Amino acid sequence: MPLTSEQVSILRQVTCLITCQVGEGADAQIDAALQALVDAMDAAAAVILWHNGDRLALRSRAPAGYVLDSNLGRRLSDPARLGRAVRPIGRVDWLAVPMRVGGQPLGRLWIQRNAGRSFSVAERQMLALVGNQLALALENARMCQEVRFLAERRGALLHRLIELREDRSRSLARELHDEVSQSLVALLIDIDTIYAANPDAATSLQSQLERLRTGVLRVTEEINRVVLDLRPSLLEDHGLEAALRRYANERLNGSGIAIHFNLVCQPARLASRLETAIFRIGQEALSNIARHAKAANAWVDLVCDDGEITLTVRDDGKGFDVYSILENPRGMQAVGLIG
């Protein structure tokens, strides 16, 4: 039997309440739709019983303070009859219809009419459609909640990975500074001692000792650069803008690349993990420019505006074929872009 225009209107109203109210939470939308159904059908009450493990539990009701009879609640909560409509015994005017998603019954919509009003075939058909719409809304809300939970877990995992990486970087920086750098300083002292203790021998070996000294100094400078890369103390002490400016100048110094800055970030300090993540991205981009770009100019733009942070690092160098990289990521010889 086709639905009447009034029943179609009720169905549209309920559907809109659970899909069109931007900004409403899922619970508020379901409650509003259930109350609209009660009002439109001149009903006394309506209840949604929803699957919760191996049983059905009260999910929503209208009016808000309505209490479902315990005996009736046990009957309606029987999962063995979940896929079938339940009709009253005696003269009580109520009906319970299955709530399905993709043909699978997941709950039950129960509605009680005011005294003396039964349900026509068309009304039962409409209630079945309403039940399915409500079921779809509830299932969508559950999946959205799962997505939010997974996103939060992913964010927490990402933060933890960043923390572990930074802890390892600080530890490695300390080892390089306290052990390797000190050993190199000791080697330089030994070279100077040779000059002082054996001037005649040192004179005959002067060219070799100078090469050795130059090599040790070069390695020392490189280790100091690596230590600064691993543990940017300027980032900890003075923030993201200062650290990016310092790193760009030091990394591109001597390369012939002119560096241009547009650093506008308010507030001046961001959350520590956020500053670290953005700095590492900028660090990798600037390092790639120094190694591969063969550029004349590089630009670093950092803009913080209305809760959004944008870091742009670009250059006028030779670039690379983005599409070939995306089409064959396993063929890359380096992991810079992946990092």
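Where is the place of Asp 42? Asp 42 sits in the loop between α2 (26-40) and β1 (43-52), where helices (H or I, at least four residues) and strands (E, at least two) are DSSP runs numbered from the N terminus. The structure is a predicted model, in which local features need pLDDT of at least 70 and side-chain atom pairs count only at pLDDT 80 or more, while totals for chains, interfaces and linings use all residues. Residues are numbered from 1 along each chain as its sequence is written, and side-chain values use heavy atoms, with hydrogens and water left out.

The protein chain holds ten helices and seven strands. Of its 339 residues, 33% count as buried; buried means under 20% relative accessible area, exposed over 50%, and partly exposed in between (1.4 Å probe, protein chains only). Among contacts (heavy atoms within 4.5 Å) between residues at least 6 apart in sequence, 60% join residues at least 24 apart.

Most residues other than glycine have a negative phi, and most peptide bonds are trans. Asp 42, although not a glycine, has a positive phi of about 50 degrees. At 38% relative accessibility, Asp 42 counts as partly exposed. Lys 294 also has a positive phi, near 55 degrees, and is found in the loop between α9 (272-293) and β6 (297-305). With 73% relative accessibility, Lys 294 counts as exposed. The peptide bond from Ala 62 to Pro 63 is cis, with omega near 0 degrees, and Pro 63 belongs to the loop between β2 (55-62) and α3 (70-76).

Turning to the strands, an open sheet of three has the order β5-β6-β7, with mixed pairing; two strands pair if DSSP finds at least two bridges between them. β5 (258-265) and β7 (308-315) stand at the edges with a single partner strand each, so one side of each has no neighbour in the sheet. Direction ignored, neighbouring strands of this sheet are turned by 5 degrees against each other on average. Here, axes are lines fitted to C-alpha atoms, for helices over the stretch in contact, and angles run from 0 to 180 degrees between N-to-C directions. β5 and β6 run parallel and are joined by eight bridges; the bridge partner of Ala 258 in β6 is Asn 297.

Helices accompany this sheet too. Helix α8 (residues 240-252) lies across β5, β6 and β7, running at about 175 degrees to β5. α9 likewise lies across β5, β6 and β7, and runs at about 10 degrees to β7.
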